[in-house]
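Here is a friendly walk through a structure, from one local detail out to the way its chains meet. Have the viewer open as you read.

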2 protein chains.
Amino acid sequence: MAERIYNFSAGPAVLPESVLRDAQRDIWNIADSGIGIMEHSHRSAVFDRVLEEAEADCRTLAAIPDNYRVLFLQGGASTQFLMVAANFLAENRTADYLNTGAWAAKAIKEAGFYGNVHVAATSEDENFSYIPPVESVVLSDSPAYVHYTSNNTIFGTQFDYVPECPDGSFLVCDMSSDIFSRPIDVSRYGLIYAGAQKNLGPSGVTLVIIRDDLPGQTVRPLPTMLSYETHVTAGSRFNTPPAFGVYIVGQVFKWIIAQDGLKTMAERNSEKASVLYDTIDHSSFFRGTARENSRSTMNVCFRAPSAELEKKFIADASARGFSGLKGHRSVGGMRASIYNAFPAAGCEALAEFMREFEAANG
Amino acid sequence: MAERIYNFSAGPAVLPESVLRDAQRDIWNIADSGIGIMEHSHRSAVFDRVLEEAEADCRTLAAIPDNYRVLFLQGGASTQFLMVAANFLAENRTADYLNTGAWAAKAIKEAGFYGNVHVAATSEDENFSYIPPVESVVLSDSPAYVHYTSNNTIFGTQFDYVPECPDGSFLVCDMSSDIFSRPIDVSRYGLIYAGAQKNLGPSGVTLVIIRDDLPGQTVRPLPTMLSYETHVTAGSRFNTPPAFGVYIVGQVFKWIIAQDGLKTMAERNSEKASVLYDTIDHSSFFRGTARENSRSTMNVCFRAPSAELEKKFIADASARGFSGLKGHRSVGGMRASIYNAFPAAGCEALAEFMREFEAANG
């Protein structure tokens, strides 16, 4: 088929079509340089500008204070799991982690390699189907930092609060699956990181926003690539950065700005998610898997009455041009991932299809 | 300008134009899936095929034996510097390194973080302008491994031999700047790695070829992402791989196969380099900086009689559509990087321009 379909992939995920069109042009010849974006030296004037604009647009979008650095790294959130602990968790110290699912658990595992971990809250008792209420979070006495995962792709849950963090500590957040889907108060964090492949761009780029006093506070000697200070000092160019990915992320920043910024993104994302959650709530056939007060605007997880019907739903949906709806095996059923670039029309179309399917199979 | 120019960048570097044309199509909609290559889940059938074909084509190209694994990782050679030592250099052991320039020196630095380093040969005495002769390499008694850098981008030198390696040890090679520019006998190595951005694709992907007994021999506990075993076990998909980069590298493999493979690449690269070296050798104006028997077919470094004339050469060349000719500051002068995808016609055109420039300024 020549046309594009509705792509509900949990990540890598759909990108804005205008960004793809520009990329088609720029991989052949960017900015009339006679050279494609993948082929420019990372020290060239063209890439200087790509990197500078990406950082400037990121700062504009999230109103990032001057005392924060913006980095574009490699290795995904999985590398950040270990870098955060390697840099900031001394062997005799404790870091606090909120355990809200598989990715939070992986972050906890890597931290345990370097120091002590206190699980300050968990929703493991109900298969991570909810965000622990703010009053249930019990921090340790003097945590090196407090870490949480703002949106849980697999379980379709999302924090609607920012956890507290005591003086002398700092807040770390893995925002891989909801960064820039809503406004962020960066000043509440010491460190924010996000793999790009859900809301920002292709896989292979990790956005890091770090308060500028932190890189100097590394608690142990580290190999060069694992130290935040290396990358801050070198302005993301200690080694060759993932240049094409940085370019795409920069283009996505420009697209979000053109859409009127994070507040508008949040409104749209909320409306898009409501279309699906309303359909689920008005159905006697489908049911949501996340608690209502913990529901994600990014990943809408739902089940049908039987595994057979779920299989049929996914197959029928696929035949109608809805791709990527199979839920993660640890939840089962269906998952519609509807990140920033996912169009509202796709949510309407899926809701319509759900009602049709229920009528025919309910 | 609408047209593409001759791009002599040392990396990221020129890619085959047919690969760029296909990428223009596939970032919109790959394999009639209705979804672009950057937007497919790394667990999708489409990406399964991209990854499988990239590995299979890599194996075909380099006749990689069955007991070697092929990985596509992130973090560049700079991350391999530390991973090699972290995995295989115990604190009380020694690894042998051949020091042939800045990148080899960086590898040595990271290894020193984990164990002892013996510099088995060096050409530092003459600013790395030559490859230490095979008979000058003096290994330690029982090295954990022997590491060298097959081509030195900055200095324009290239090994024309494979160093010896004693029983009980294994050979490690950073082939970032000449991988697949000539045939390789993979069976002589324990581990080969290469950042993609010179001969294979965009920055952000690292090719690793590792003998399958090695990942099980890690000498210390490691965070998950730093262990080769993690990535071997997960088939390069422990976390989200740099999917677009893997796709491009796979397309470049197909392009090399279509050009008739590594033997043909080597012949062409040798002819391309000869056009420039012959021009240098027949000139009384330009001089090469690398010893004749150490000259690289990938990076041709040369000087003019004065810094002023070099500046003028680079400016005039740039005005004529030859980009990226400025040499690295530690050598000075000019450097023409002419990797696999660089066209022979570009070498002829540069040689012609060099003769013209000499006639006008000599």
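## Two cis peptide bonds

Let us begin with A:P12, which sits in the loop of chain A that runs between strand 1 (6-7) and helix 1 (17-26). Keep in mind throughout that this is a predicted model. The bond that joins A:G11 to A:P12 is a cis peptide bond, with omega at about -15°.

## Two residues with positive phi

Most residues other than glycine have a negative phi. In chain A, A:A31 has a positive phi, near 55°. This alanine belongs to the loop between helix 1 and helix 2 of chain A. Is A:A31 buried, exposed or partly exposed? With 13 C-beta neighbours inside 10 Å, A:A31 falls in the partly exposed class, because that class lies between the limits of 12 or fewer for exposed and 20 or more for buried.

A:D260 is also a residue other than glycine with a positive phi, in this case near 95°. Look for A:D260 in the loop between helix 6 and helix 7 (261-281) of chain A. A:D260 has 11 other C-beta atoms within 10 Å and is therefore exposed.

## The domains of chain A

Chain A divides into domain 1, covering 17-258, and domain 2, covering 260-361. Taken over C-alpha atoms, the centres of these two domains of chain A are 27 Å apart. Between them, 23 residues of domain 1 of chain A are in contact with 23 residues of domain 2 of chain A.

Which elements of domain 1 of chain A each supply at least two residues of the side that touches domain 2 of chain A? They are helix 2 (45-62), strand 7 (157-158) and helix 6 (243-258) of chain A. By class, that side of domain 1 of chain A has eleven nonpolar, nine polar and three charged residues.

## A buried leucine in chain A

Helix 2 of chain A is also the place of A:L51. This leucine counts as buried because it has 21 C-beta neighbours inside 10 Å. Setting aside neighbours within four places in sequence, A:L51 is in contact with A:S236 and A:V246. A:L51 and A:G250 are 199 residues apart in sequence, yet their C-alpha atoms are 7.7 Å apart in space.

## Helix packing in chain B

Now move to chain B, where helix 7 (residues 261-281) and helix 9 (residues 344-361) have axes that come within 9 Å and cross at roughly 5°. That angle makes helix 7 of chain B roughly parallel to helix 9 of chain B. On the side of helix 7 of chain B, the contact includes B:R268, B:E271 and B:L276, while helix 9 of chain B brings residues including B:C347, B:L350 and B:M354. The residues of this contact between helix 7 and helix 9 of chain B divide into seven nonpolar, one polar and five charged.

Helix 7 of chain B also holds B:A273. With 21 other C-beta atoms within 10 Å, B:A273 is buried. Not counting residues up to four places away in sequence, B:A273 touches B:T297, B:V300 and B:I338.

## How the two chains meet

Across the interface, 53 residues of chain B are in contact with 53 residues of chain A. Helix 1 (17-26), helix 3 (76-88) and helix 6 (243-258) of chain B each supply at least two residues of the side that touches chain A, and the largest share, four residues, comes from helix 3 of chain B. By class, this side of chain B has 22 nonpolar, 26 polar and five charged residues. Because 100% of the interface residues of chain B are also interface residues in chain A, the copies meet through the same surface.

Key:
Residues are numbered from 1 along each chain as its sequence is written. Chains are lettered from A and ligands numbered from 1 in the order in which they are written. This is a predicted model: local features need pLDDT of at least 70, side-chain atom pairs count only at pLDDT 80 or more; totals for chains, interfaces and linings use all residues. Two residues are in contact if their C-beta atoms, placed from the backbone, lie within 7 Å. Ala, Val, Leu, Ile, Met, Phe, Trp, Tyr, Cys and Pro count as nonpolar, Asp, Glu, Lys and Arg as charged, and the others, Gly among them, as polar. Domain bounds come from an automatic or database domain assignment. Axes are lines fitted to C-alpha atoms, for helices over the stretch in contact, and angles run from 0 to 180 degrees between N-to-C directions. Angles under 35 degrees count as roughly parallel, over 145 as roughly antiparallel, 65 to 115 as roughly perpendicular and the rest as oblique.
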